[in-house]
Amino acid sequence: MPIRKPPFPRILVNNVSCMRNAQTVIRNINASVHDGSALVLTGSNGSGKTTFLRMLAGFSRPSAGEILWNGHDITSAGVFQQYKLQLNWLSLKDAIKDKLTVLENVQWFELLEGKDGKKSLPAIELMGLGRLANDKARMLSMGQRKRLQLARLLAIDRPIWLLDEPSVALDAEGVHLLEYIIAEHRKKGGIVFVATHLPIEIEDAMNLRLPQRFPRRKTFVDLVH
Ligand SMILES: Nc1ncnc2c1ncn2[C@@H]1O[C@H](COP(=O)(O)OP(=O)(O)OP(=O)(O)O)[C@@H](O)[C@H]1O
């Protein structure tokens with residue numbers, strides 16, 4: 001019987017470290033991420049979760065090690081141009097334009113992709129914002145803004161999702177919707193990276209807990225107790 005080689009991971013994080021202000025924030029991280037996988041990043045404030053996501057997005061270069069996509073370093077010029085088209089980024093900066101309607105906010109991104117804008121309304125409806133589609137985005141609550149960001153993920157439809165604190169401000173139903181769209185995205189072979197402090201149910205996810213960078217000092221709360 002012929003010996004089969006295991007498939008090459010879509011993304012390989014190979015012994016990656018990152019320095020910030022002459023200090024090591026991330027040290028020797030390794031991960032093999034295949035299509036349909038999810039990697040959940042946890043760790044205390046300042047442990048480097050966002051820094052790690054930024055490296056995965058190619059915004060910051062590792063100070064050591066490399067991140068490979070299909071076997072190629074994502075920071076090399078020719079590769080990055082292709083790689084960035086695979087990414088969908090969700091962060092606390094929501095990039096929502098208050099003067100546009102909810103629908104226009106999603107359609108705008110879809111049209112930028114050169115698409116016809118037809119996925120926007122179904123995405124908004126799935127995220128429970130259908131009746132607000134024609135309202136200005138400035139009317140939205142925090143949780144509704146987060147739902148709008150998630151609708152944008154669905155409408156743009158790129159394979160690699162980088163989600164920084166996606167459940168912040170969502171109610172219980174919103175968190176279930178988030179879990180649902182992550183599961184559906186993975187079924188289609190999509191990859192999801194999630195940095196979070198809050199529990200999110202993601203089946204068979206890999207978990208990476210970044211170590212605390214500094215010894216914990218006593219806080220006011222410790223002193224009170
Ligand atoms: N642009 C920057 N320049 C210098 N240092 C930075 C920069 N961005 C982040 N840092 C530092 O890198 C460290 C890790 O920050 P990062 O935002 O990645 O942490 P995090 O785990 O996402 O934290 P949180 O849970 O608070 O969101 C922090 O000490 C932070 O001060």
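**Questions on a predicted model**

Reader: In which helix does Leu-121 lie, and is Leu-121 buried, partly exposed or exposed?
Author: Leu-121 lies in helix α4 of this predicted model. A residue needs 20 or more other C-beta atoms within 10 Å to be buried, and 12 or fewer to be exposed. Because Leu-121 has 18 C-beta neighbours inside 10 Å, Leu-121 counts as partly exposed.

Reader: With which residues is Leu-121 in contact, leaving aside its neighbours within four places in sequence?
Author: Ala-155 is 34 residues from Leu-121 along the chain, and the C-alpha atoms of the two are separated by 8.6 Å. Contact is judged on C-beta atoms, which must lie within 7 Å. Once the neighbours within four places in sequence are set aside, the contacts of Leu-121 are Leu-103 and Ala-133.

Reader: Against which helices do the buried residues of α3 pack?
Author: Helix α3 covers residues 102–112, and its buried residues are Val-102, Leu-103, Asn-105, Val-106 and Gln-107. After α3 comes Gly-114, with a positive phi near 80°. The buried residues of α3 pack against α4 (120–126) and α5 (142–156).

Reader: Which strands stand at the edges of the open sheet of 4 strands?
Author: The strand order in this sheet is β2-β1-β4-β5, and the pairing is antiparallel. Two strands have a single partner each, so one side of each is left without a neighbour in the sheet. These edge strands are β2 (23–33) and β5 (72–73).

Reader: What is the average twist from one strand to the next in the open sheet of 5 strands?
Author: This sheet has parallel pairing and the order β6-β7-β8-β3-β9. Its edge strands, β6 (87–90) and β9 (206–209), each pair on one side only. From one strand to the next, the twist averages 15°.

Reader: What angle does helix α6 make with β8?
Author: Helix α1 packs on the sheet, touching β3 (38–42), β7 and β8 (191–195), and its direction makes about 150° with that of β8. Helix α6 (residues 172–187) lies across β3, β7 and β8. The angle of α6 to β8 is about 145°.

Reader: Which helix gives the largest share of the shell around the ligand?
Author: The residues surrounding the ligand include Arg-20, Val-25, Gly-46 and Lys-49. By class, the shell has 1 nonpolar, 8 polar and 2 charged residues. The largest share, 3 residues, comes from helix α1 (residues 49–56).

Methods:
Residues numbered from 1 in each chain as written. Predicted model: local features only at pLDDT ≥ 70, side-chain atom pairs only at ≥ 80, totals over all residues. Near = placed C-beta within 6 Å. Nonpolar A, V, L, I, M, F, W, Y, C, P; charged D, E, K, R; others polar. Contact = placed C-beta atoms within 7 Å. Pairing = 2+ DSSP bridges. Axes fitted to C-alpha atoms, helices over the stretch in contact; angles between N-to-C directions.
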